[in-house]
Amino acid sequence: MPTLLSLAPIRLLRAGLLALVIIFGAATQAADVSVKASLTRGITVIGEPVQYQIKISNAKRAGDPPDVAADGLGIRYLGPSSSAVMRLDQSGFHQEKTTIQVYEVTPEKNGTFTIPAIEMDVDGRRLKTEQVTLTVQPSSAEDETKPRAQGMAELIVPKTAAYVGEMIPVELRLYVDARVRWQAAGMPVIEGEGFTKQKIPEPRRPEQVVKNGREYDLLVFKTAITPGKAGKISIGPADIIYNAQVPRARRSGPRSMFDIFDDDVFGDPFFSQAQQIKVKAQAVELTVKPLPVAGKPPEFSGAVGNFQFSAGGSPNQVKMGDPVTMKLRVSGRGNFDRVEAPALRKSDGWRSYPPSSVFTKDASDDVGISGTKVFDMAVIPEERKTQMPSFAFSYFDPEGENYVTLTSEPAPLKVEGVKFVAPAPAPKTTEAANAPNATPQKTAPIASDILGPRYEAGERKSFQPLYERREFWLAQAVPLAVLLLLTGARLRRPPNSEAQRQAALRREKAVLLSKLRGGELAHAEFFDTAARVMQIDTALVTGVESSGVDAAAARKLAANDVATAEVIDDVFNARAEVLFAGGGHGEGSLRSEDRNRVLAAVEKMGRSRAKS
């Protein structure tokens, strides 16, 4: 006899199945019933039939196919096709049932024809389709028998005249008959001289368009060019290669209901011939004008387009000598590769470092002609300031044909502390008499005659031996105590600590020189290492702490060698850029001539130290 425990799993299974049936049934009931009419193609020629389809969605019973008629068109019913799909969305599972009533439409003459809206009885409701339009156009015998696999291409340049440096969007368009199955075989190349072009990104999916009365698949390759010289230049030509499956010709004569699958067979590669086809887009001529000289602002660096500029800095309270990071944003549309950092308007009391930059193109832009470029620049106040620095950005507007300068409004800033001023050295004197308020010393009178003998007896001297005198032993105790103190100090102090410090600096220099000569250091690390070697050489000569050596102290080893002094300044400035400018120009490799110039100066400083 079954127990309650043995019946529990069966009851749970039945309850789950019942719940699924209820859910699916409710989902089917909740789905909307609809009808929609469409043509497989909207353009055709005489003798080239198309399909007219009535799609009935989510109906329990589709009913009998309605009669469809239109003047100038031969329409006959081919049969139905059905499908059912389960879909899951936010509201749960839904069953989508679709029935398609298929008709063949054969044009009898040229012109534009309208198939009227059809009213149908679906699940006891009267539903109505939309009316559709079919265009029948004249064509050659070749057009009536098969689609054209040979496509066409064109270059689209939005203007015929431009300025040097202006970034111009260019489109290379490929049109292929919509009835042909095809695929691009590679990226095209736009030929021409006198301009630079952006890398062509992968194109988006083809879209269907109507051109010259025919339906085509349109594939668009986008790029942008920048003229580099004035005069007339040719953009293109350009070749596009694609692989096409050329289908067999349609059969002429009467068709049966089984021909509703003919469109699938028509495009099947098994029944097609593969071809590689190349089409050429003709060149487009562009007139390029030079940028005007009159009115060119000093801040102009070559930016051409239409831009906006803003600036902001942080923190707004610093100590004198601490950096303020300025964010300079240039946004808009133009040649961002020529957009350089905005210029500091009044540099008095400011020390600036080369900025780092990041460019972000707009989401809708494929080639980088529009976006935002952000510069991070470190500026250091060297005196009291109440406002952050102001910057100016200049560009040439090709539409207005004039130069534009944008300036930033300075934000409040509080600078604390005072500027360090080195004390003036005290005047040196060679004689005490030259010192102000010096007290004149009294000199003994010079004897003018021979002094006579003195007969005063004075204190009587003792003839007691020295070793018996107390004063003798006290006098011996003083040097003994000094000797003991010196011996104790020597025992407590490490032997020859200065020599050890210099030996450690020489070992460190040897390691750093090996790295410098190896040629494997990147830009930032190379200059940091070179600056450290110069600090060590200066410390070995002067005896100062090596970490406190700056460019001014290191230049002393260069003596009157102006070239070496310039290299020392360059090395310490490059090191400062890395520390204060977020990297500055410290990314990437170093030019060999710059590396050799620094190494020669380092070697020369080492020889100067050895001589001293």
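Close-up 1. Helix α5 spans residues 497–518, 22 residues in total, and reaches 32 Å from its first C-alpha to its last, close to the 32 Å expected at 1.5 Å a residue. The expected span is 1.5 Å times one less than the number of residues. Helices (H or I, at least four residues) and strands (E, at least two) are DSSP runs, numbered from the N terminus. Gln502, Leu505, Lys509, Leu512, Leu513 and Leu516 of α5 are buried. These residues sit on the same side of α5, because they cover an arc of only 110° around the axis. The arc is taken from the directions from the helix axis to the C-beta atoms. Buried means under 20% relative accessible area, exposed over 50%, and partly exposed in between (1.4 Å probe, protein chains only). Gly519, with a positive phi near 75°, follows α5.

This is a predicted model: local features need pLDDT of at least 70, side-chain atom pairs count only at pLDDT 80 or more, and totals for chains, interfaces and linings use all residues. Residues are numbered from 1 along each chain as its sequence is written, and side-chain values use heavy atoms, with hydrogens and water left out.

**Close-up 2. The largest nonpolar core.** This core has 31 residues, and Leu516, Ile568, Val571 and Val598 have the most contacts inside it. At least two of its residues come from each of α5, α6 (523–542), α7 (551–554), α8 (562–580) and α9 (592–611). The largest share, nine residues, is from α6. A nonpolar core is a set of buried Ala, Val, Leu, Ile, Met, Phe, Trp, Tyr and Cys residues joined through side-chain atoms within 4.5 Å. Ile568 touches Met534, Ala551, Ala554, Arg555, Ala558 and Met605, not counting residues up to four places away in sequence. Contact means heavy atoms within 4.5 Å.

**Close-up 3. Helix α6.** Of the 20 residues of α6, 15 are buried, so the helix is mostly covered. Its end C-alpha atoms are 29 Å apart, which agrees with the 28 Å that its 20 residues should span at 1.5 Å a residue. Gly543 follows α6 and has a positive phi, near 80°.

Close-up 4. Strands β16 (residues 207–211) and β17 (residues 214–227) run antiparallel and are joined by five bridges. Two strands pair if DSSP finds at least two bridges between them. Val210 has Glu215 of β17 as its bridge partner. Two residues lie between the strands of this hairpin, and Asn212 in the turn has a positive phi of about 55°.

**Close-up 5. The surroundings of Phe300.** Phe300 lies in the loop between β21 (284–289) and β22 (305–314). At 15% relative accessibility, Phe300 counts as buried. Leaving aside neighbours within four places in sequence, Phe300 is in contact with Leu291, Ser394, Tyr395, Phe396 and Tyr403.

**Close-up 6. Two cis peptide bonds.** Gly236 and Pro237 are joined by a cis peptide bond, with omega about 5°. Pro237 lies in the loop between β18 (231–235) and β19 (238–247). The bond from Ser314 to Pro315 is also cis, with omega near -5°. Pro315 is in the loop between β22 and β23 (317–319).
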